[in-house]
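Here is a short note to read alongside the model. Please keep the sequence and the 3D view open as you go through the points.

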Amino acid sequence: MSLYDLAPTAEDAGIHIQNLTVSYDTDRGRFNALKNVTLDIRPRHITGFIGESGSGKTTLAMAMMNAIQPPGRIDGGAILLDGAGDVLQLRGEPLRRLRGRYFGFVFQASSNSLNPLKRVGAQLMDLGRSHGISDLRGLLREAKALAERIGLDGDRVLTSYQHELSGGMRQRVGLVFALVLKARILILDEPTTALDMLTQQAVLEIVRSIHQEQGLTTIVITHDMGVVAEMADRVVVMYAGRVVEEGPTFSLLTNPQHPYTQGLIRAIPRITGNLDDAKPLPGSPPDLATIPTKGCVFRERCYARTSVCDTVDPVPTSAHGDGLVMCHGVDAS
Ligand SMILES: Nc1ncnc2c1ncn2[C@@H]1O[C@H](COP(=O)(O)OP(=O)(O)OP(=O)(O)O)[C@@H](O)[C@H]1O
Ligand SMILES: [Mg+2]
C-alpha cells in the first residue's frame with residue numbers, strides 16, 4: 001500500500017461529539033472530567049481549545065480517538081466521525097486502523113514520547129509498518145521533507161536518537177510523526193511549548209499551510225491565547241469538563257459572552273496589550289471533587305451570579321452568529 005492509499009473516502013472529516021461523559025477513578029472517588037459535552041468540530045477548520053489547567057481539554061481530545069486509558073472511562077455519549085461512524089463503538093484492530101487513517105496527533109509533553117533506544121528514522125518505519133505501508137522509503141522521504149519544512153535538518157534528525165535532539169527539536173519531530181501519515185484530523189496538544197517565539201511562529205505558520213493544503217480538520221489545544229488568535233478559525237472554551245462557549249475566533253475573543261471567557265481573556269496581557277490591565281481570574285481552577293453537581297459550575301467565581309445559577313444547569317444559547325454560550329446571564333437572541 002502506498003501512502004496515498006491511506007486517504008479515507010470521506011473528504012471532509014467533521015467530528016460530532018454527542019453527550020460525552022468521561023470520568024476518572026481517583027483515591028477520592030470517581031469524578032466526571034467531561035460531562036455531557038455536545039460539540040461539532042468543523043471540517044477544514046482550525047479549532048482552538050482553551051481553558052484553565054484541568055478543564056478537560058486533553059481528555060476531550062483523547063476521547064475523540066477513543067483513547068481514554070484507565071483509570072479513565074467513557075461513561076456515555078457518541079463521537080461520530082464523518083464517513084466512519086461512532087468511534088466509541090470501535091475496539092481492537094478496526095479502531096487502530098481508523099486512528100491511523102483519521103488522526104495525527106502530538107500529545108502534550110510529547111517531547112518525551114520518542115523511544116530512547118531507536119533512531120527516529122527506525123521509529124518512523126515502525127509507524128509505517130504498523131499502518132501497512134509498504135513504501136517505507138517514500139514514507140522516510142516524506143518525513144524528511146516535512147522535517148526540513150519545519151526547520152530541522154532532515155538527515156540528521158532521521159539518524160538521531162532522542163537524547164541527541166533538543167526539546168524543541170523533539171517537539172517538531174512529534175509534529176512530523178503527526179503529519180507523515182496524512183491523516184484527516186490533526187490534534188495538537190500544546191504543540192509548541194518547548195519552542196522559542198520565533199520558531200513557534202514559523203512552525204505554526206507551516207502547520208497552517210499544511211492544514212490548508214491537505215484540507216485537514218485541525219484542533220489546537222493551548223494556553224497561549226496568541227496562538228489561538230493567530231491560528232484558530234473557531235474557539236472552544238472549556239471549564240470543569242463543560243464547553244461553556246464556542247464560536248468564530250474574532251467574535252469570541254473580542255466579544256466574549258461567558259463571564260469565564262471574559263476573565264480568561266482579561267487575564268492575558270498579550271491580548272489586552274498592557275500588563276497593568278491584565279487581571280487574574282478570581283478564585284482557583286475547578287477541582288473535580290468539589291464541582292457542584294447542579295446548576296452552573298462556574299458560579300462560585302462569577303461576577304454575574306444570580307439565584308437561578310445555583311439550581312438550574314445552563315443550556316446552550318446561540319451566540320456569535322453560529323456559536324453558543326452556556327450562561328443564564330446571556331439572553332437568547
Ligand atoms: N489519569 C488521570 N487520573 C485521574 N484524573 C485525571 C487523569 N487525567 C486527567 N484527570 C483529571 O481530569 C481533569 C481534566 O484533565 P485534562 O488533562 O483533560 O485537563 P486539561 O484541560 O488538558 O489540563 P492542562 O491544561 O493542564 O493540560 C482534571 O481534573 C484532571 O485532574
Ligand atoms: Mg492537557
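1. Start with one residue pair. Aspartate 189 has isoleucine 221, in β8, as its bridge partner. Bear in mind that this is a predicted model.

2. Now widen the view to the two strands. β7 covers residues 185-189, and β8 covers residues 217-221. They run parallel. The number of bridges that join them is 5.

3. Next, take in the whole sheet. It is open and has 8 strands. Trace them in this order: β6-β7-β8-β3-β9-β10-β12-β11. The pairing is mixed.

4. Look at the edges. β6 (103-106) and β11 (317-319) stand there. Each has a single partner strand, so one side of each is left without a neighbour in the sheet. Neighbouring strands are turned against each other by 25 degrees on average, direction ignored.

5. What packs on the sheet, touching β6 and β7? Helix α2 does, with residues 92-102. The direction of α2 makes about 75 degrees with that of β6.

6. Turn to helix α10, residues 259-266. Is this helix mostly covered or mostly uncovered? It is mostly covered, with 7 of its 8 residues buried. Buried here means under 20% relative accessible area. Find the buried residues in your view: Pro259, Tyr260, Thr261, Gln262, Gly263, Leu264 and Ile265.

7. Now the largest pocket. Its space comes to about 600 Å³. The lining has 22 residues. Closest to the centre are Phe105, Phe107, Leu127, His131 and Phe177.

8. Which elements supply at least two residues each to the lining of the largest pocket? They include α2 and β6, along with α3 (120-130) and α6 (167-180). By class, the lining has 11 nonpolar residues, 8 polar and 3 charged.

9. The second largest pocket has a volume of about 250 Å³. Its lining has 14 residues. Lys35, Arg242, Asp313, Pro314 and Met326 are the closest to its centre.

10. Finish with what lines that second largest pocket. β2 (29-41) and β10 (242-248) each supply at least two residues. β10 is also a strand of the open sheet, placed between β9 and β12.

Technical notes:
Residues are numbered from 1 along each chain as its sequence is written. Chains are lettered from A and ligands numbered from 1 in the order in which they are written. This is a predicted model: local features need pLDDT of at least 70, side-chain atom pairs count only at pLDDT 80 or more; totals for chains, interfaces and linings use all residues. Side-chain values use heavy atoms; hydrogens and water are left out. Two strands pair if DSSP finds at least two bridges between them. Helices (H or I, at least four residues) and strands (E, at least two) are DSSP runs, numbered from the N terminus. Axes are lines fitted to C-alpha atoms, for helices over the stretch in contact, and angles run from 0 to 180 degrees between N-to-C directions. Contact means heavy atoms within 4.5 Å. Buried means under 20% relative accessible area, exposed over 50%, partly exposed in between (1.4 Å probe, protein chains only). On a 1 Å grid over the protein atoms alone, a cavity is a set of points where a 1.4 Å probe fits but cannot get out, and a pocket is an open set with protein on both sides within 12 Å along at least five of seven lines; lining residues have an atom within 4 Å of a point. Grid points are joined across faces, edges and corners, and a volume is the space filled by probe spheres set on the points. Ala, Val, Leu, Ile, Met, Phe, Trp, Tyr, Cys and Pro count as nonpolar, Asp, Glu, Lys and Arg as charged, and the others, Gly among them, as polar.
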